[in-house]
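Hello,

Here is the structure we spoke about handing over. My notes on aromatic pairs and salt bridges follow it.

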Amino acid sequence: MIHYYDPHQIVSINHVFENSTIWELESTMKTNYSEIWKNLLRHSPKLSFYETFKEFYEEEKYLDTINNFDQRQHFTKLRISNHKLAIETRRYSNPKTPREQRYCLLCNNNKIETEQLMIFECPTYSNLRKDQQSYLKDKFHFSVISNITSLMKSKDDEVIFYLSKFIWKCFLLRKEKLSDG
């Protein structure tokens, strides 16, 4: 169980108000909440992907950059692991499928269907990926292209836009392929 506060360290409210300005109180509250938030991320298996790139409790640039609702929704769902990839859906199977057996249904390579696999490796998305990689080679150093963390942390409007469009297309293609079979 995660404890958010230590009841033995609670200070009298009157004492806090007497010795602090509103700015100091706000700053303390933000810092405390940020620590609680980081602790929740560290201890949540569901948010393990999100934790790899989300460093600070702040509004994300992509929310203002991606104007297409469907693209923004799919991008958000990928970021918080609220998607249909096997790494996520098979955690709820009965009996629960072990993480190392949540294989991709599209590529038959016996690889776990993760966000990383979809974006960089699964052959099903290779045609979509070609456009993405050629664009990203111009924006990033080559070694970063296979690093999903760097992509998800990007503050560059063009990268955010292009990546969100790619992710949206991948999920549409995945849905189409799985509904056919």
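**Salt bridges and aromatic pairs**

Asp 157 has a relative accessible area of 39%, so this residue counts as partly exposed. Please keep in mind that the model is predicted. The partner of Asp 157 in a salt bridge is Lys 61, and their closest N and O atoms are 2.9 Å apart. Asp 157 belongs to helix 10, whereas Lys 61 sits in the loop between helix 3 and helix 4, so the bridge ties together parts that are 96 residues apart in sequence. Lys 61 is also partly exposed, at 33% relative accessibility.

In total, the structure holds 12 salt bridges. Side chains of opposite charge can pair when their charged atoms come close.

Another bridge joins Lys 155 and Glu 60, with 3.7 Å between the closest N and O atoms. This pair, too, links distant parts of the chain: Lys 155 is in the loop between helix 9 (148-153) and helix 10 (157-180), Glu 60 is in the loop between helix 3 and helix 4 (62-65), and 95 residues separate them. Glu 60 is buried at 14% relative accessibility, while Lys 155 is partly exposed at 42%. Both residues are members of a network of salt bridges that also takes in Lys 54, Glu 58 and Arg 79.

Glu 88 and Lys 46 form a further salt bridge, their closest N and O atoms being 2.7 Å apart. Glu 88 lies in helix 6 (residues 86-89) and Lys 46 in the loop between helix 2 (22-42) and helix 3, 42 residues apart. Glu 88 counts as buried, with 4% relative accessibility; Lys 46, at 26%, counts as partly exposed.

Now to the aromatic residues. The structure holds five aromatic pairs. In one of them, Phe 49 and Phe 53, the ring centres are 5.2 Å apart and the planes meet at 70°, so the pair is edge-to-face. The two residues are four apart in helix 3 (residues 48-53), about one turn of the helix. Phe 49 has a relative accessible area of 10% and is buried; Phe 53 is buried as well, at 4%.

Phe 53 also pairs edge-to-face with Tyr 50, at 5.6 Å centre to centre and 85° between the planes. Tyr 50 lies in helix 3 too, three residues from Phe 53, and Tyr 50 is buried.

Elsewhere in my notes is one aromatic cluster, formed by Tyr 33, Trp 37 and Tyr 57.

Regards

Terms used: Residues numbered from 1 in each chain as written. Predicted model: local features only at pLDDT ≥ 70, side-chain atom pairs only at ≥ 80, totals over all residues. Heavy atoms only, no water. Phe/Tyr/Trp six-rings, centres within 6.5 Å; stacked < 30°, edge-to-face > 60°. Buried < 20%, exposed > 50% of the residue type's maximum accessible area, 1.4 Å probe, protein only. Salt bridge = Lys/Arg side-chain N within 4 Å of Asp/Glu carboxyl O.
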